[in-house]
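Reader: I have a model open and would like to learn how to read it feature by feature. Could you walk me through it?

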Amino acid sequence: MKNENRNALFETTPVPKAFLTLAVPVVLSKIVSMIYNMADTYFIARTGDSDLVAGVSLCAPVFLLMISLGDLFGLGGSSVMSRLFGQQKDEEGKRVSGFTFYGAIAAGIVVAALMLLFRSPILHMLGAKGSVFDYASEYYIWIALGAPFIILTLIPANQLRTEGLANIAMIGSIAGSIVNIILDPVFIFGLGLGAGGAAIATVLGNVATDAIFVFCIRRKSKKLTVDPRLSRVGLATVGAVLAIGLPSSLNNLMNSFGTAVLNRSLIAYGSDKVASMGIAGKVNMLVAMVMIAFAFGAQALISYNYGAGNKSRLREVIRFDLLVQMIIAVAGGAVLMIAAPQMLRIFMDDPAIVEHGALMLRRMILGLPFTGVFLVCSTLFMSAGKSLPTLLMSLSRQGIIFVAALFVLSRLFGYEGVILAQPASDLLSALFGLFLLRASGIAGEIRKKKAG
């Protein structure tokens with residue numbers, strides 16, 4: 001009976017209700033995660049040391065690298081699983097969940113070893129020098145040690161939604177963030193560990209999330225597993241997971257790469273500019289992460305109906321998704337645009353940081369509506385198993401298009417060009433996504449069903 005109710009959520013529940021049922025828990029967990037990120041940034045900034053803030057900010061690409069590997073298995077696996085569940089192939093979907101769970105653990109162990117082995121060259125590549133290098137190294141070491149736990153959290157968080165268990169995914173994510181928030185001041189100030197303390201709190205928060213997810217999968221889920229005996233899949237299934245997972249992973253790798261390139265461009269103007277961008281970026285994520293949460297919260301609904309061939313419902317989901325994205329982008333962006341200096345001052349009451357950070361934040365906000373279009377296109381390609389468009393989208397916004405925009409605009413307008421690169425990339429990437437939607441044939445494929 002429970003399985004029938006969960007299937008009804010994907011098949012017959014009115015789209016706005018089904019969309020919000022799946023997406024709102026993701027949004028709530030992301031909001032708590034954002035609160036954690038803001039608290040993390042707040043406590044680090046409270047040290048009053050811009051070099052320490054810059055050192056932690058320079059390590060952001062490392063964290064994004066881990067998220068990208070989590071998405072390799074989490075998003076790739078959940079896309080395949082949702083389509084299998086839509087085709088009523090539950091046992092095959094369960095084996096995919098086992099394979100991706102243990103694949104993520106193995107990937108995390110390899111990443112931890114490589115990061116520790118090449119610590120100095122990686123930090124130098126990220127632009128860390130002098131005292132900034134020392135702070136970055138403290139943070140980096142603990143984050144590297146926690147790589148298996150950080151990467152693993154992305155697997156159940158994505159896959160629980162394929163079974164309609166979005167609330168459980170939310171509970172696990174929120175609990176880990178709360179642990180992190182509580183431990184931040186304890187380790188940073190109470191134990192005097194500074195940047196290293198912030199990283200330790202982050203790792204322990206992810207450990208707590210992993211433990212909750214494993215417990216809930218064993219007790220609540222009918223379609224997922226953590227049993228290693230059920231983790232064997234065929235090469236074709238591995239290929240299907242990687243076909244979507246690799247482009248999804250590459251998207252975060254490009255985020256990591258883009259952030260590193262941006263920080264290296266900003267460091268030439270002083271470490272306070274890197275610190276300002278680190279704080280402004282976190283504030284911008286207040287809106288951007290809600291948009292991302294809604295987009296990926298809808299992924300299971302899109303994948304299921306694509307797999308089931310219910311194109312009329314699929315069209316309705318996509319239209320509603322785009323409407324939600326635009327509302328959040330315009331309303332949320334307007335609030336941040338007006339309150340930019342006040343938001344920056346919460347974290348660091350330094351006139352230079354507030355001035356530069358507010359300018360950076362207001363430039364980023366200009367790209368939010370285009371980010372919404374980009375997200376809808378990306379999740380549609382991913383959910384439909386369209387690997388080439390997914391790959392091309394992954395390479396665009398924070399990768400090829402961003403670096404090209406940064407290169408051109410920085411040479412034309414200097415510092416102003418550097419901080420205009422992100423909204424310019426958002427606009428160009430949205431246009432590219434719409435082009436691919438038509439060129440890939442998926443737009444025509446969805447419309448064709450309507451005529452039938």
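Reader: By class, how many nonpolar, polar and charged residues are in the lining of the second largest cavity?

Author: Some ground rules before the count. This is a predicted model, so local features need pLDDT of at least 70 and side-chain atom pairs count only at pLDDT 80 or more, while totals for chains, interfaces and linings use all residues. Residues are numbered from 1 along each chain as its sequence is written, and side-chain values use heavy atoms, with hydrogens and water left out.

Author: A cavity is a set of points, on a 1 Å grid over the protein atoms alone, where a 1.4 Å probe fits but cannot get out; lining residues have an atom within 4 Å of a point. Ala, Val, Leu, Ile, Met, Phe, Trp, Tyr, Cys and Pro count as nonpolar, Asp, Glu, Lys and Arg as charged, and the others, Gly among them, as polar. Here the lining has two nonpolar, six polar and one charged residues.

Reader: Which residues line the second largest cavity, and about how much space lies in it?

Author: The lining is made of S78, S82, N158, R161, T162, F296, G297, Q299 and A300. About 50 Å³ of space lies inside, where a volume is the space filled by probe spheres set on the points, and grid points are joined across faces, edges and corners. Two or more lining residues come from each of α4, α13 and α14 (299–308); helices are DSSP runs (H or I, at least four residues), numbered from the N terminus. The search of the whole structure finds three cavities of 30 Å³ or more.

Reader: How many aromatic pairs does a search of the whole structure find?

Author: In general, a pair of aromatic rings is described by the distance of the centres and the angle of the planes. Rings of Phe, Tyr and Trp (its six-membered ring) pair if their centres lie within 6.5 Å; planes under 30 degrees apart count as stacked, over 60 as edge-to-face and the rest as tilted. The search finds five pairs. One of them, F19 with F294, is stacked, at 6.0 Å centre to centre and 10° between the planes. That pair links distant parts of the chain, 275 residues apart: F19 sits in helix α2 (residues 15–45) and F294 in helix α13 (residues 271–297).

Reader: Why is F19 classed as buried?

Author: Buried means under 20% relative accessible area, exposed over 50%, partly exposed in between (1.4 Å probe, protein chains only). F19 is buried because its relative accessible area is 0%, and F294 is buried too, at 11%. Now for an edge-to-face case: F73 and F99 get that label because their ring centres are 6.4 Å apart and their planes at 70°. F73 lies in helix α4 (residues 60–86) and F99 in helix α5 (residues 90–117), so the pair ties together parts that are 26 residues apart in sequence. Both F73 and F99 are buried. As for clusters, F19, F294 and F320 form one.

Reader: Which ring does the charged end of K273 sit over?

Author: The rule first: NZ of Lys or CZ of Arg must be within 6 Å of the ring centre and within 35 degrees of the ring normal. The charged end of K273 sits over the ring of Y415, 5.9 Å from its centre. Likewise, R397 has its charged end over the ring of F374, 5.9 Å from the centre.

Reader: What is N284 in contact with, leaving aside its neighbours within four places in sequence?

Author: Contact means heavy atoms within 4.5 Å. N284, found in helix α13, touches L336, L361, M364, I365 and L368 by that rule. N284 is buried, with a relative accessible area of 10%.

Definitions and conventions
On a 1 Å grid over the protein atoms alone, a cavity is a set of points where a 1.4 Å probe fits but cannot get out, and a pocket is an open set with protein on both sides within 12 Å along at least five of seven lines; lining residues have an atom within 4 Å of a point.
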